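Please look through the following chain and its model before reading on.

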Amino acid sequence: MAGPTYLTGDKAAINEFLDRFDVFLLDCDGVIWTGDHVFEGVPETLELLRSRGKKVVFVTNNSTKSRDEYLKKFTTLGIPSNVEEIFGSAYSSAIYISRILQLPAPKNKVFVLGEAGIEIELRSENVPFVGGTDPSLRRDMTPEDWRGLADGSLLEPDVGCVLAGLDFHVNYLKWAHALQYLRRGAVFLATNVDSTFPMNHNLFPGAGSIGAMPLAYMTGTQPVALGKPSQAMMDAIEGKFRLDRARTCMVGDRLNTDIKFGIEGGLGGTLAVLTGVATRADWEAADAVAVPAFYVDKLSDLGAVVAQE
């Protein structure tokens with residue numbers, strides 16, 4: 001299999017690449033920024049894409065922020081955007097639960113393992129929930145907890161779904177609640193199953209590592225994941241933006257989420273950047289999970305050359 005086309009520094013190749021696509025789906029962490037540090041030249045590159053009539057959609061697996069919260073971050077970091085350009089795994093999960101899963105009331109509550117971003121998006125779709133940021137769950141187990149969880153007396157009887165995301169306050173008590181709901185037949189969903197995420201030029205535990213996968217190990221079942229590379233998310237994006245997949249390119253820094261997402265979604269192209277998780281050695285390996293069609297050292301390489309016209 002031929003390797004990806006390297007675009008950095010090749011003006012003609014970059015122009016040809018840009019002409020092939022109408023829509024660019026962009027990951028955020030590792031592509032646009034790391035933590036609160038925006039990679040140099042990214043705002044200008046995004047404006048270049050827009051000036052060429054390209055549709056830009058920010059597709060993130062980070063469920064800790066709602067779309068409105070992401071918009072605030074974009075604005076604070078000097079990146080022009082609007083809420084309709086943002087599509088996160090928390091929003092994707094809320095759409096899936098409310099419009100596809102459609103659990104019958106009253107057993108339609110969601111037990112959330114995650115942060116406020118999930119709660120905000122669930123509220124936007126009128127999905128009832130418990131757990132999440134509830135301060136009463138941020139403590140150690142008590143003898144009463146062991147007894148009440150075992151016999152079900154401490155459980156909310158109307159929970160029909162467990163949604164696992166990135167929870168910065170995960171603990172044994174929350175895991176114990178989630179396990180009991182799943183053992184009683186709740187639908188098992190995950191905002192995403194990322195093992196890690198990039199922050200401040202390093203890697204930290206992701207939603208999969210501390211939320212979905214421990215529960216999968218406990219129950220022996222895998223969740224329906226609603227972030228990249230789940231095609232449930234791709235279908236939702238296509239439905240919302242009415243995009244032509246053949247004229248759409250996925251841009252990301254992870255092979256097992258971003259690039260796999262684009263390939264399995266039948267998009268016209270995938271572009272890897274080397275500012276996040278993936279390295280050239282990852283896709284050159286014999287057991288590479290996915291191989292991008294194109295790659296650049298950093299996103300701004302798309303704009304640095306073209307801007308010289």
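Setting aside residues up to four places away in sequence, Ala272 touches Gly252, Ile259, Trp283, Pro292, Phe294, Tyr295 and Val296, where contact means heavy atoms within 4.5 Å. Ala272 lies in strand E15, and the names of such elements follow DSSP runs numbered from the N terminus, with helices (H or I) of at least four residues and strands (E) of at least two. With a relative accessible area of 1%, Ala272 is buried; buried means under 20% relative accessible area, exposed over 50% and partly exposed in between, with a 1.4 Å probe and protein chains only. From Ala272 to Asp282 there are 10 residues in sequence and 11 Å in space, C-alpha to C-alpha.

This is a predicted model, in which local features need pLDDT of at least 70 and side-chain atom pairs count only at pLDDT 80 or more, while totals for chains, interfaces and linings use all residues. Residues are numbered from 1 along each chain as its sequence is written, and side-chain values use heavy atoms, with hydrogens and water left out.

In soluble globular proteins, nonpolar side chains tend to be buried together. A nonpolar core is here a set of buried Ala, Val, Leu, Ile, Met, Phe, Trp, Tyr and Cys residues joined through side-chain atoms within 4.5 Å. The largest such core has 31 residues, and Phe17 and Ile32 are those with the most contacts inside it. Among the elements that each supply at least two residues of this core are helix H1 (11-19), strand E5 (55-60), strand E14 (248-252) and strand E15 (269-273), and H1 gives the largest share, four residues. Beyond its neighbours within four places in sequence, Phe17 is in contact with Leu7, Phe24, Cys249, Leu271, Phe294 and Leu302. A second, separate core of 20 residues includes Phe111, Ala178, Ala190 and Leu215.

Two packed helices are described by the angle between their axes and the distance between the axes. Axes are lines fitted to C-alpha atoms, for helices over the stretch in contact, and angles run from 0 to 180 degrees between N-to-C directions. For helix H6 (residues 143-151) and helix H7 (residues 172-183), the axes come within 10 Å and cross at roughly 15 degrees, which makes H6 roughly parallel to H7. Angles under 35 degrees count as roughly parallel, over 145 as roughly antiparallel, 65 to 115 as roughly perpendicular and the rest as oblique. Where they meet, Asp145, Trp146 and Leu149 of H6 touch Tyr172, Leu173, Ala176, His177 and Gln180 of H7.

The axes of helix H9 (residues 231-241) and helix H10 (residues 255-264) also come within 10 Å, but they cross at roughly 65 degrees, and H9 and H10 are therefore roughly perpendicular to each other. Their contact is made by Gln231, Met233, Met234 and Ile237 of H9 together with Phe261, Gly262 and Glu264 of H10.

Most residues other than glycine have a negative phi, and most peptide bonds are trans. The peptide bond from Ala105 to Pro106 is cis, with omega near 5 degrees, and Pro106 sits in the loop between helix H4 (89-101) and strand E7 (109-113). Gln102, in the loop between H4 and E7, has a positive phi near 45 degrees and counts as exposed at 53% relative accessibility. The peptide bond from Lys228 to Pro229 is likewise cis, with omega near 5 degrees.
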